[in-house]
Structure formats: structure tokens, C-alpha cells
Amino acid sequence: MGIANELEARVRELEAIHEIMNLVADYAFAADTRQIDMYVDLFTEDGVIDVRPYGERIVGREAIRRFREQSPDKVASSVHYLHNPHIVVDGDTARGRFYWLAALHWVATDEAVWSSGYYQDEFVKTNEGWKIKKKVMTWFFRTPYDKGWVKEKIMGGEKSRDDCE
């Protein structure tokens, strides 16, 4: 491979990483601002969100739409902070891992809650740009804000998923 081809390939990879980081930022923004159409459009038609153990494995855009429409019944408001991105691009597919810390208003107990963990994502490049193919969530903890994760760690750390199942 000549230097020009090598540089072109490296630029394509960096552009893909940048576009995927924007996609993930849009995911958090759409969730926090309750923009359901935007949120659903971030996924492929057969996209998957796995939110176990706090929910289920959700498959397909219509199921993802229902999940987001029902979210206010569980979480009245949220602010997601995503960090420590790790993205590996392989042509028109990619895998990523992103840590999250979220401040939530948990409806069931009417309290402020911290949630933390990481997403393991699979992405695919489509004619419409990069989309989320699969998002698997693994929790470190979910805990009341006023008690913190040291005094009352509701759950976390006991399960690990090394790859997107």
C-alpha cells in the first residue's frame, strides 16, 4: 500500500471514529431531552438495546420506540455523562465501549439516583451514516444520590459481559 493509500485509510478511520463519537453523544442527548424520533433513528432497523437486569433485551426500532415512550414511567428526568470512549473500526462496522455516569430522577421511589456503568456497542455504516446495531449495558452501580455508592450500592459489578452477546 502506498503512502497516499495508507493516509487515506487512516483519515477514513479517524472520520469514522469522530462520526461514531457524535452518534453516541446524540444518543445521550436524545435520551435526556426525550426526543424519541431522534433516539429511534440512531439505531438500525434491527437494532438491539440490552438493559438487563433493570429491563429487558429490546429488539427493533418499534420496540425501541415503545421503550423510550415508556421511559418517563420509570425515569422522570436524566442527565447522561459519557466518557472514556474506546472505538475500533473495521471497514463499515465498528465496536465501542463508553463509560456512563447518569443523574436520574427515579419515579418508583421519587428520589435522585446515580447510575454508572459502561455500554458495549456495535455500529454499522449505512447509507444514512453510522447507526447503532447493538447496545449492551453493564452496571457498576445504581444508588440513591443522598446515600452514594459507598453506603448503599443497590447493584453493580457482579456481572460482566466481555463482548456484546
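1. His86 touches Arg95, Gly96 and Arg97, leaving aside residues up to four places away in sequence, where contact means heavy atoms within 4.5 Å. The place of His86 is in strand S3, which spans residues 75-90; helices (H or I, at least four residues) and strands (E, at least two) are DSSP runs numbered from the N terminus. The C-alpha atoms of His86 and Arg97 are separated by 5.2 Å, although the two residues stand 11 residues apart along the chain. His86 is partly exposed, because its relative accessible area is 39% and that class lies between buried, under 20%, and exposed, over 50% (1.4 Å probe, protein chains only).

2. A word on the basis of these remarks: this is a predicted model, in which local features need pLDDT of at least 70 and side-chain atom pairs count only at pLDDT 80 or more, while totals for chains, interfaces and linings use all residues. Residues are numbered from 1 along each chain as its sequence is written, and side-chain values use heavy atoms, with hydrogens and water left out.

3. Arg95, one of the residues that His86 touches, is also joined to Glu122 by a side-chain polar contact of 3.4 Å. A polar contact is a pair of N or O atoms within 3.5 Å; within protein, one must be able to donate a hydrogen and the other to accept it, and residues adjacent in sequence count only if both atoms are side-chain atoms. Glu122 lies in strand S5, residues 111-126, and it counts as buried because its relative accessibility is 18%.

4. Val124 also has its place in strand S5, but it is partly exposed, with a relative accessible area of 22%. Not counting residues up to four places away in sequence, Val124 touches Thr44, Asp92, Thr93, Gly129, Trp130, Lys131 and Lys133. Its C-alpha atom is separated by 9.6 Å from that of Val89, a residue 35 places away along the chain.

5. The largest nonpolar core holds 33 residues, and those that touch the most other members are Ile20, Tyr39, Phe43, Val89, Phe123 and Trp130; such a core is a set of buried Ala, Val, Leu, Ile, Met, Phe, Trp, Tyr and Cys residues joined through side-chain atoms within 4.5 Å. Two or more residues of this core come from each of H1, helix H2 (36-41), strand S1 (43-50), H3, S3, S4, S5 and S6, and the largest share, 8 residues, comes from H1. Ile20 touches Ile87, Val89, Ala94, Phe123 and Trp130, again not counting residues up to four places away in sequence. In soluble globular proteins, nonpolar side chains tend to be buried together.

6. The largest pocket contains about 690 Å³ of space, and of the 29 residues that line it, Val51, Phe67, Arg68, Ser71 and Val75 are the closest to its centre. On a 1 Å grid over the protein atoms alone, a pocket is an open set of points where a 1.4 Å probe fits, with protein on both sides within 12 Å along at least five of seven lines, and lining residues have an atom within 4 Å of a point. Grid points are joined across faces, edges and corners, and a volume is the space filled by probe spheres set on the points. H3 gives the largest share of this lining, 5 residues, and the lining of the largest pocket divides into 17 nonpolar, 6 polar and 6 charged residues. Here Ala, Val, Leu, Ile, Met, Phe, Trp, Tyr, Cys and Pro count as nonpolar, Asp, Glu, Lys and Arg as charged, and the others, Gly among them, as polar.

7. The second largest pocket contains about 200 Å³ of space, and its lining includes Ala9, Arg12, Glu13, Val89, Asp90, Lys125 and Trp130. H1 and S3 are the elements that give two or more residues to this lining, with the largest share, 6 residues, coming from H1. The residues of the lining of the second largest pocket divide into 4 nonpolar, 1 polar and 7 charged.

8. Arg34 is partly exposed at 33% relative accessible area, whereas Asp110 is exposed at 59%. Arg52, in the loop between S1 and strand S2 (57-59), is joined to Asp50 by a side-chain polar contact of 2.5 Å.
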